[in-house]
There are 2 protein chains.
Amino acid sequence: MTNSGGVGRVESKRARFETPLSLRCGATLPAYELVYETYGTLNAAKSNAILVCHALSGHHHVAGHYADAPDNIGWWDNIIGPGRPLDTDRFFIVGVNNLGGCHGSTGPSSTNPASGKPWGADFPLVAVIDWVHAQARLADLLGIESWAAVVGGSLGGMQALRWAITYPQRVRHSLVIAAAPRLSAQNIAFNDVARQAILSDPDFHGGHYYEHGTAPKRGLRLARMLGHITYLSDDQMGEKFGRELRNGAFSFGYGVEFEIESYLRYQGDKFAGYFDANTYLLMTKALDYFDPAREDAGDLRATMGRTRAGFLVVSFTTDWRFSPARSKEIVHALLANGRDVSYAEIDLNSGHDSFLMADPHYHGIIAAYLRNVKI
Amino acid sequence: MTNSGGVGRVESKRARFETPLSLRCGATLPAYELVYETYGTLNAAKSNAILVCHALSGHHHVAGHYADAPDNIGWWDNIIGPGRPLDTDRFFIVGVNNLGGCHGSTGPSSTNPASGKPWGADFPLVAVIDWVHAQARLADLLGIESWAAVVGGSLGGMQALRWAITYPQRVRHSLVIAAAPRLSAQNIAFNDVARQAILSDPDFHGGHYYEHGTAPKRGLRLARMLGHITYLSDDQMGEKFGRELRNGAFSFGYGVEFEIESYLRYQGDKFAGYFDANTYLLMTKALDYFDPAREDAGDLRATMGRTRAGFLVVSFTTDWRFSPARSKEIVHALLANGRDVSYAEIDLNSGHDSFLMADPHYHGIIAAYLRNVKI
């Protein structure tokens with residue numbers, strides 16, 4: 001994998017915040033650290049900043065590569081760089097690892113100052129609104145009064161939406177991609193099976209597995225395998241794997257037989273090898289809790305009335321995790337308030353994961369929208 | 001739960017077959033037993049018999065109740081009885097627990113004559129065609145030369161289809177409900193996650209957990225929770241559970257918060273308490289392997305050309321496990337051969353589980369079709 005034409009070498013930075021942060025769950029985090037990266041140059045007016053929010057398993061390393069790890073390319077590198085849709089010749093891009101993450105920001109594997117041990121499952125459950133508040137402090141630190149745009153896909157799109165609701169004066173544009181205004185019962189159901197896989201793993205030890213020198217890898221592997229099914233479309237799985245057999249014939253055993261099994265197990269094993277299970281649990285709960293209209297007795301129209309930003313809402317035809325119908329709920333609630341909203345439904349066969357694809361039509365829409373953003 | 005108007009008290013029977021059975025996987029079962037039930041009366045010509053095939057977690061107790069267990073009602077009681085669609089005033093109905101099952105027929109928990117211990121995971125993997133061969137021997141025992149109809153939903157529908165292909169002279173009508181001619185990559189993927197949950201449970205002990213006095217209940221519970229998501233429709237989950245909270249407010253912990261979580265965990269726990277994990281593994285593999293057109297290089301039309309039965313194919317609009325499009329593949333392959341086939345797509349919101357519902361329109365179609373079956 002190369003990175004030609006992208007942002008090139010990048011470095012991650014670390015910010016420490018000593019002002020306690022009150023969380024949605026009622027707990028207070030006395031202090032916390034966020035790791036982040038920036039690409040491009042902040043202009044003198046500090047008016048050209050774009051915040052990219054990550055999804056469930058993402059982090060602050062959004063684009064480029066590290067000097068000592070040239071193959072470690074950022075997770076959304078294809079959209080960021082000179083001349084790319086998130087154009088670093090024009091914009092200053094910020095990526096941040098969210099609170100509760102496992103890539104350097106304060107999270108369950110960090111030391112709990114009260115005990116001197118890792119937080120583990122005692123780390124407070126963090127909601128999307130908490131991430132937004134924490135990101136706002138990072139904006140303060142960087143001197144960014146208002147974002148030219150907040151951008152995200154999936155759970156990242158929910159943060160873009162939450163920003164526009166919670167800090168209407170600080171977001172000029174919100175790009176909400178492959179998201180939903182709240183999870184459906186089916187969405188929650190998938191999350192709960194994933195959580196139960198982790199929670200019931202004997203190596204979980206009530207979330208304090210760090211002290212036991214173990215990790216609930218069996219459960220995390222299952223969670224990731226299941227997640228992958230919901231990220232891909234049935235069509236794409238059919239085209240990519242179909243009923244292809246690993247060895248051309250049935251083996252009549254419980255080893256890998258179909259290529260799709262090989263793919264899923266590989267993905268599960270890989271993920272379980274580097275991701276922290278407590279972070280996975282926490283991220284799925286943030287998804288479940290996300291429901292900004294709850295503050296308005298379920299009236300999404302009222303909630304959207306609090307926004308001031310311009311919106312680009314993007315959905316994908318084969319996304320069955322957050323289908324186009326879910327994006328349209330957001331669009332309709334915005335239109336009912338007379339907000340400036342563009343909507344694109346992109347015909348891509350990669351399901352929910354389409355938002356990460358370098359499709360020219362999809363990227364063209366993002367690029368065109370951002371070209372019209374005043375800085 | 002009462003059973004008024006149904007078949008009333010029933011008794012299960014047991015048949016032993018001493019002739020070795022060659023299985024699709026290459027193994028031979030030296031002898032085996034099948035438990036079965038019958039409802040109604042076999043006529044003198046033995047021409048009024050209907051075989052009901054069960055799905056993944058089903059068994060031979062299809063209708064009625066036992067004298068000593070009045071609440072143990074058969075799993076498809078609503079469709080069987082005097083005046084019901086599978087009318088016991090006219091038909092003789094046979095239900096059988098399939099080979100590899102855990103409700104009395106020979107399966108993984110039976111004693112392996114070679115070792116004197118339970119078969120466990122050494123029980124040979126049984127394919128749909130093996131079930132059909134075993135059922136054919138039961139038909140021989142009962143003196144049934146040809147079935148008036150073979151009926152089944154889901155994996156049961158696959159058996160009804162397999163009967164018509166493998167024993168064209170012995171099936172006059174095949175009722176294939178909520179089924180598919182083969183699993184998709186996504187279907188296999190869900191099965192594999194379920195299997196991995198069981199196989200990676202430390203209590204699985206390579207499938208020989210009976211000897212260890214354990215059972216992989218954690219894994220089986222997860223498998224069932226996941227299965228339930230695929231049996232229900234997104235719509236139905238939304239209507240039934242939505243985002244209802246168990247206690248009216250977020251608890252910010254990993255206990256039950258949403259009603260859907262409570263439902264799934266309850267279903268998972270209940271199932272793990274009585275079902276055998278090795279049987280679950282085996283049944284999901286039978287699903288994966290089912291692909292009769294494989295014998296004709298994938299040409300389903302050629303495969304369907306071997307059938308002689310009349311067909312009723314039924315699908316449900318909200319079934320996303322085996323969608324109507326999958327049923328239509330069967331219908332089109334039959335029509336291409338000029339077979340006598342009726343097709344009904346029923347608008348019910350219960351997803352894949354719709355086939356078990358007592359919907360008047362659905363039951364009316366089954367009843368009307370069977371009224372025209374000559375006996």
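**Exercise 1. The faces of strand S5 in chain A**

Which residues point one way from S5(A), and which point the other way?

*Solution.* The model is predicted: local features need pLDDT of at least 70, side-chain atom pairs count only at pLDDT 80 or more, and totals for chains, interfaces and linings use all residues. Residues are numbered from 1 along each chain as its sequence is written, chains are lettered from A and ligands numbered from 1 in the order in which they are written, and side-chain values use heavy atoms, with hydrogens and water left out.

Step 1. A:Ala49, A:Leu51 and A:Cys53 point one way from S5(A), whereas A:Ile50 and A:Val52 point the other way. In a regular strand the side chains alternate between the two faces of the sheet.

Step 2. Five of the five residues of S5(A) are buried, so the strand is largely enclosed by the rest of the structure. Buried means under 20% relative accessible area, exposed over 50%, and partly exposed in between, with a 1.4 Å probe and protein chains only. Helices (H or I, at least four residues) and strands (E, at least two) are DSSP runs, numbered from the N terminus.

Step 3. S5(A) runs parallel to S8(A), to which four bridges join it; within S8(A), A:Phe92 is the bridge partner of A:Ala49. S5(A) also runs parallel to S9(A), again joined by four bridges, and A:Leu51 stands opposite A:Val150 in S9(A). Two strands pair if DSSP finds at least two bridges between them.

**Exercise 2. The sheet of chain A and its helices**

In what order do the eight strands of the open sheet of chain A stand?

*Solution.* Step 1. The order is S1-S4-S8-S5-S9-S10-S11-S12 in chain A, with mixed pairing. At the edges stand strand S1 (13-17) and strand S12 (341-346) of chain A; each has a single partner strand, so one side of each is left without a neighbour in the sheet. From one strand to the next, the twist averages 20°.

Step 1. Strand S4 (residues 32-39) and strand S8 (residues 92-96) of chain A are paired in the antiparallel sense by four bridges, and A:Tyr36 stands opposite A:Val96 in S8(A).

Step 2. Helix H1 (residues 128-142) of chain A lies across S1, S4, S5 and S8 of chain A and runs at about 60° to S4(A). Helix H2 (residues 155-166) of chain A lies across S5, S9, S10 and S11 of chain A, at about 150° to S9(A). Contact means heavy atoms within 4.5 Å. Axes are lines fitted to C-alpha atoms, for helices over the stretch in contact, and angles run from 0 to 180 degrees between N-to-C directions.

**Exercise 3. Helix packing in chain B**

At what angle do H1(B) and H2(B) pack, and how far apart are their axes? Characterise the crossing and the residues that meet there.

*Solution.* Step 1. Helix H1 (residues 128-142) and helix H2 (residues 155-166) of chain B pack at an angle of about 70°, and their axes are 9 Å apart. That makes H1(B) roughly perpendicular to H2(B), a term for angles of 65 to 115 degrees; under 35 counts as roughly parallel, over 145 as roughly antiparallel and the rest as oblique.

Step 1. Among the residues of H1(B) that meet H2(B) are B:Val128, B:Trp131 and B:Ala136; the residues of H2(B) include B:Leu155, B:Arg162 and B:Trp163. By class, the contact has eight nonpolar, four polar and one charged residues. Ala, Val, Leu, Ile, Met, Phe, Trp, Tyr, Cys and Pro count as nonpolar, Asp, Glu, Lys and Arg as charged, and the others, Gly among them, as polar.

**Exercise 4. Two residues of chain B**

Are B:Ser47 and B:Tyr210 buried or partly exposed? Locate each and list its contacts.

*Solution.* Step 1. B:Ser47 lies in the loop between strand S4 (32-39) and S5 of chain B. With 14% relative accessibility, B:Ser47 counts as buried. Not counting residues up to four places away in sequence, B:Ser47 touches B:Ala148, B:Arg172 and B:Ile375.

Step 1. B:Tyr210 belongs to helix H4 (residues 209-212) of chain B. With 23% relative accessibility, B:Tyr210 counts as partly exposed. Leaving aside neighbours within four places in sequence, the contacts of B:Tyr210 include B:Pro108, B:Pro118 and B:Asp276.
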